[in-house]
Amino acid sequence: MSDVLATATTVVSLLLAVIALIASARDRAPDQVQFAGTVVVNVVAVLLLAAAVVTWVGGTGPREVATFVGYGLTLALLPAGAWIVGKMEPTRFGSLIVGVAALIMPVLVLRMGQVWGA
């Protein structure tokens with residue numbers, strides 16, 4: 001796995017979490033800034049997964065394949081799912097959903113690195 005992309009995913013998702021949780025504290029529904037943030041987090045996460053797959057094909061792979069695939073699917077689908085559910089709740093709780101999902105992303109990245117054996 002790429003350390004640079006793992007760090008980028010963590011930083012971008014924590015930034016989105018701060019933005020969304022502040023919006024929730026200010027009683028604001030999810031807006032275009034949060035949407036752009038979820039898109040950026042999703043793109044960086046997919047790039048991280050693509051780099052992991054390339055490394056895996058090159059010979060080095062995860063120690064626990066099923067666990068890694070489960071974390072990878074969650075990493076790829078969580079930002080988009082959070083945005084959809086957040087928009088379905090057009091209150092401060094929609095922003096809270098996006099913020100909490102963004103807080104889960106660094107945990108997924110950390111666990112993927114641990115399963116990979118880094």
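Predicted model: local features only at pLDDT ≥ 70, side-chain atom pairs only at ≥ 80, totals over all residues.
Mentor: Residues are numbered from 1 along each chain as its sequence is written, and side-chain values use heavy atoms, with hydrogens and water left out.

Trainee: What makes Trp56 and Phe68 an edge-to-face aromatic pair?

Mentor: Rings of Phe, Tyr and Trp (its six-membered ring) pair if their centres lie within 6.5 Å; planes under 30 degrees apart count as stacked, over 60 as edge-to-face and the rest as tilted. By this rule there are 3 aromatic pairs. For Trp56 and Phe68 the centres are 6.1 Å apart and the planes stand at 90°, so the pair is edge-to-face.

Trainee: Where in the chain do Trp56 and Phe68 lie?

Mentor: Trp56 is in helix α2 (residues 32-57) and Phe68 in helix α3 (residues 65-88), 12 residues apart. Helices are DSSP runs (H or I, at least four residues), numbered from the N terminus.

Trainee: Why is Phe68 called buried, and why is Trp56 called partly exposed?

Mentor: Buried means under 20% relative accessible area, exposed over 50%, and partly exposed in between (1.4 Å probe, protein chains only). Phe68 has 4% relative accessibility, so it counts as buried. Trp56 has 31%, and therefore counts as partly exposed.

Trainee: Why is Asp27 called exposed?

Mentor: Its relative accessibility is 52%, so Asp27 counts as exposed. Asp27 lies in the loop between α1 (3-25) and α2, and its phi is near 65°, a positive value in a residue other than glycine.

Trainee: What makes α1 roughly antiparallel to α4?

Mentor: α1 and α4 pack at an angle of about 160°, with their axes 8 Å apart. Angles under 35 degrees count as roughly parallel, over 145 as roughly antiparallel, 65 to 115 as roughly perpendicular and the rest as oblique. The helices α1 and α4 are therefore roughly antiparallel. The axes are lines fitted to C-alpha atoms, for helices over the stretch in contact, and angles run from 0 to 180 degrees between N-to-C directions.

Trainee: Which residues of α1 and α4 make the contact?

Mentor: Contact means heavy atoms within 4.5 Å. Among them are Ser13, Ala17 and Ser24 of α1, and Arg92, Ser95 and Leu96 of α4. Leaving aside neighbours within four places in sequence, Ser24 is in contact with Arg92, Ser95 and Leu96. Ser24 has 6% relative accessibility, so it counts as buried.

Trainee: How do you know that α2 is roughly antiparallel to α3?

Mentor: α2 and α3 pack at an angle of about 160°, with their axes 8 Å apart. That angle makes α2 roughly antiparallel to α3. The contact includes Trp56 of α2 and Phe68 of α3.

Conventions:
Helix = DSSP H or I, 4+ residues; strand = E, 2+ residues; numbered from the N terminus.
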